[in-house]
Amino acid sequence: MRQAGRYLPEYRALRAQAKGFFDFCFSPDLAFEATLQPVRRYDLDAAILFSDILVVPYGLGQKVWFEEGVGPLLEPIADADELKRFEIKRMIDRLQPVYETVKRLKAAMPPEISLIGFAGAPWTLASYMVEGGSSRDYAKAKLWAYGRPESFRKLIDLLVDAVTAHLEAQVKAGAEVLQIFDSWAGALDHAAMRQWSLEPIGRIVARLKQSAPDVPVIVFPRGIGPGYRDFAEAGIGHAIGIDQGIDPAWARDVLQRKTTVQGNLDPRWLVVGGAGMRDAVLRILDALGAGPLVFNLGHGVVPETPPEHVAELVSLIRTER
Ligand code: CP3
């Protein structure tokens, strides 16, 4: 997930070779290596492509850059009129280095380790595109979504098309599993979550079912609490990623009957390690380990994580599952 590599010294060394973060994402040599670093170190079942969700707005033609110590910045859009200059065909052309990376990874990785491609969900991408970067309250994006829904729908519809095309291109290049990150779904009220998170993600997944029927899709609408039930009942995706706020017993009773669950260790346990982390892992395995589960964190690895704690976590799961 986001920032996942930053706790690894070998990642920081590789990162220092690229000028900007996007130069890193768009260098097949560097992105290939960054993807494989965690699999070289640990006994993992899968690797996630090294890229970022913001390559989609960049590819469409929006100005996007990363500022050291600040995070991502974008030249914000404020109205549906501004969407005319965005083009999906240009996006696919501009993102060729990403697909080249996928192709090389697919050829190099052992078949028992799955290669995960990914994209941001329309709502999370829209929030960055409208806010011009990360946001505390999503004030501008929500004002547009709640205040002018017909106009906001145009942005979401464009992103449904763009995200679908980007995911299909990754599958064509060799991605074996897909994950859709709706990191800020939890900022919306329940009805708006259904309208701007669940419904657009549902449309993307339905299209992928046609174009890539053999590729499982993990959906991760973060922070939506009981809204996860809506995703499970709507049958969206092959697995649902849950954040650490969800009680694993609730996830077993309500979600796991219908779908595979992915989650949900609080990434901070990986900083703490030891007996506390072990107990937290066992609480998840006790509740969810008898059903379909992809063990994962509830969000990304934080930079302060000691790499040894990740090794401890992996061996714990290998022995306890
Ligand atoms: O985990 C991985 O390294 C796999 C690739 C990956 C990245 N970003 C690399 C990255 C993935 C899957 C993402 C997803 C992503 N990017 C999300 C969704 C997941 C989540 O965290 O909720 C979001 C919201 C983003 C947007 C984004 N990218 C932000 C807000 C930032 C800045 C973070 C900060 O604190 O500076 C990024 C940058 C980013 N993306 C980094 C990495 C490794 C750090 C950049 C660096 O190395 O300097």
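1. T164 sits in helix 9, residues 149-173 (helices are DSSP runs of H or I, at least four residues, numbered from the N terminus). Bear in mind that this is a predicted model, with local features needing pLDDT of at least 70 and side-chain atom pairs counted only at pLDDT 80 or more, while totals for chains, interfaces and linings use all residues. Residues are numbered from 1 along each chain as its sequence is written, and side-chain values use heavy atoms, with hydrogens and water left out.

2. T164 is buried, at 2% relative accessible area (buried is under 20%, exposed over 50%, partly exposed in between, with a 1.4 Å probe and protein chains only). A polar atom of the T164 side chain lies 2.6 Å from the backbone oxygen of V160. Beyond its neighbours within four places in sequence, T164 is in contact with I204, R207 and L208 (contact means heavy atoms within 4.5 Å).

3. Now the helix pair. On the helix 7 side, W123, S127, V130 and E131 meet A139, K140, A141, K142, W144 and A145 of helix 8. By class, that contact has six nonpolar, one polar and three charged residues (Ala, Val, Leu, Ile, Met, Phe, Trp, Tyr, Cys and Pro count as nonpolar, Asp, Glu, Lys and Arg as charged, and the others, Gly among them, as polar).

4. R252, in helix 12 (residues 248-255), is partly exposed at 34% relative accessible area. Its C-alpha atom is 9.8 Å from that of I284, 32 residues apart along the chain. Leaving out neighbours within four places in sequence, R252 is in contact with R257, A287 and L288.

Definitions and conventions
Helix = DSSP H or I, 4+ residues; strand = E, 2+ residues; numbered from the N terminus. Polar contact = N/O pair within 3.5 Å; in protein donor to acceptor, adjacent residues only side chain to side chain.
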